[in-house]
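Here are my notebook entries from a walk through this chain.

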Amino acid sequence: MNFKRNIIITGGAGFIGSHVVRLFVNNYPEYKIINLDKLTYAGNLANLKDIEDKPNYRFVKMDICDFDGVYQLMQDEHVDGIIHLAAESHVDRSIKDPFTFAQTNVMGTLSLLQAANQIYSASRIPHSAFKFYHISTDEVYGALELTHPLGIEPPFTTKASSGKHHLAYGDQFFTEDKKYQPHSPYSASKASSDHFVRAFHDTYGLPTVITNCSNNYGPYQFPEKLIPLFINNIRHRKPLPVYGKGENVRDWLYVEDHARAIDLIFHEGKVGETYNIGGFNEWKNIDLIKVLINTVDRLLGRKEGEDMDLITYVTDRAGHDLRYAIDSSKLQRELGWEPSLQFEEGIEKTVRWYLDHQEWLDNVTSGDYQKYYEEYYGKE
Ligand code: NAD
Ligand code: TYD
């Protein structure tokens, strides 16, 4: 079968990647979607059960660092688009094992860029169609302060350059021209990969685009990250380890809104550009945790708030960034993207999903999910 486009999505078995793969496979039957994933601890093919038999989907188990394998795959599949999400993504793991982060996030991205550039330069594919889209994080910009302009206690209402009013914990935001100042080994490795992507655009003319997104939440997130970990712990009445005083601020976006932004930017984003993605939705960790406790309690028929005593303050994360806050005005202005969900709606949906998918969580926490590849695709 001839497809209109042949697109590799890396990291498609992970949290955000699985939403992006599902969206592309369902919305673009005329595209072939090749999910390239190494299946590390964070890769779970059960995330994609509903689309794995579709004729426009192929899974390839491969390490992005395997240059020869990646190059061959791009050649065999006549690839004209790469949406690159594969990465080591957890800050706490990066503090314990920075080498793996440099290997996958920096060397792996370089391997993909080099292969894509060789294919692009030699290919007969119309150059206007080719795109290398690199998915990155707001954490590359470093940390913002909590500020009190005019003596107002945060959060206070402010107005973005898009004209949108929102609550904020400071008067500074991450815009696309903000200086990179990563603090964790994770953000340092992502910053480095972003620099390589720009270098390939500026040096070789590879048509690239980069987006830097705020914290995502929603179904299929590995339960080492705050929201799924805490939902699971509240359900099972296990302690909730709050780092430091719980005063850190994160800017949260529902994962399907990120996937929609990726679709839009892949098709309409300007080559060589960077777009920040975020929902103007800042939350102090401790306030978010209280919302999670109330929501889980209510949905389980418990008395709202009865599990507040699970909150356990623990030693702070080393180098813990105080505040992230994305200004996504450029994306809203230039491409018309808007988040579709209010946070309260998104959290309710997310909590319901984890409560309804205890089996998914149990498979992940027991390690059984790692057997799925062999069960479905057979022994290697
Ligand atoms: P994740 O950890 O859930 O998934 C990562 C996926 O990449 C897994 O399927 C894993 O198997 C795969 N992978 C890891 N190393 C690989 C390698 N060497 N070769 C091939 N595949 C490999 O991550 P996520 O949260 O879905 O994040 C996806 C991307 O989005 C990352 O690049 C991350 O930096 C970025 N991002 C994440 C967030 C967030 O809040 N989660 C926010 C902004 C940006
Ligand atoms: P996380 O989900 O790891 O995302 P990131 O570090 O990329 O922002 O953490 C979100 C916030 O929650 C962050 O400020 C660290 C904090 N946190 C805790 O307080 N306890 C936890 O057990 C975890 C995993 C995170």
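**Overall size.** I took the radius of gyration over C-alpha atoms, with a globule rule of 2.2 Å times the number of residues to the power 0.38. For 380 residues a compact globule would come out near 21 Å, and the chain has 21 Å, so the two agree. I also looked up the span of the C-alpha trace along its principal axes, which is about 60 × 50 × 35 Å.

**Ground rules.** This is a predicted model, so I kept local features to pLDDT of at least 70 and side-chain atom pairs to pLDDT 80 or more, while totals for chains, interfaces and linings use all residues. Residues are numbered from 1 along each chain as its sequence is written, chains are lettered from A and ligands numbered from 1 in the order written, and side-chain values use heavy atoms, with hydrogens and water left out.

**Secondary structure.** I found 12 helices and 14 strands in the chain. These are DSSP runs numbered from the N terminus: helices are H or I with at least four residues, strands are E with at least two.

**Burial and contacts.** I called a residue buried under 20% relative accessible area, exposed over 50% and partly exposed in between (1.4 Å probe, protein chains only). Buried residues make up 57% of the 380 in the chain. With contact meaning heavy atoms within 4.5 Å, I looked at pairs with a separation of 6 or more: residues 24 or more positions apart account for 82% of those contacts.

**Helix α2.** Which residues of α2 (67–76) are buried? I noted Gly 69, Val 70, Leu 73 and Met 74. They cover an arc of only 130° around the axis, so they sit on the same side of α2; the arc is that of the directions from the helix axis to the C-beta atoms. Their cover includes β1 (5–10), β2 (31–37), β3 (57–61), β4 (81–84) and α4 (98–122). Just after α2, I saw that His 78 takes a positive phi of about 50°.

**Other backbone spots.** Leu 39, in the loop between β2 and β3, has a positive phi near 55° without being a glycine. Tyr 220 is another non-glycine residue with positive phi, near 70°, and I found it in the loop between β9 (215–217) and α6 (226–235). Is Tyr 220 buried or exposed? At 16% relative accessibility, Tyr 220 counts as buried. Last, I checked the peptide bond from Pro 154 to Pro 155, which is cis with omega near 5°; Pro 155 lies in the loop between β5 (131–137) and β6 (156–159).
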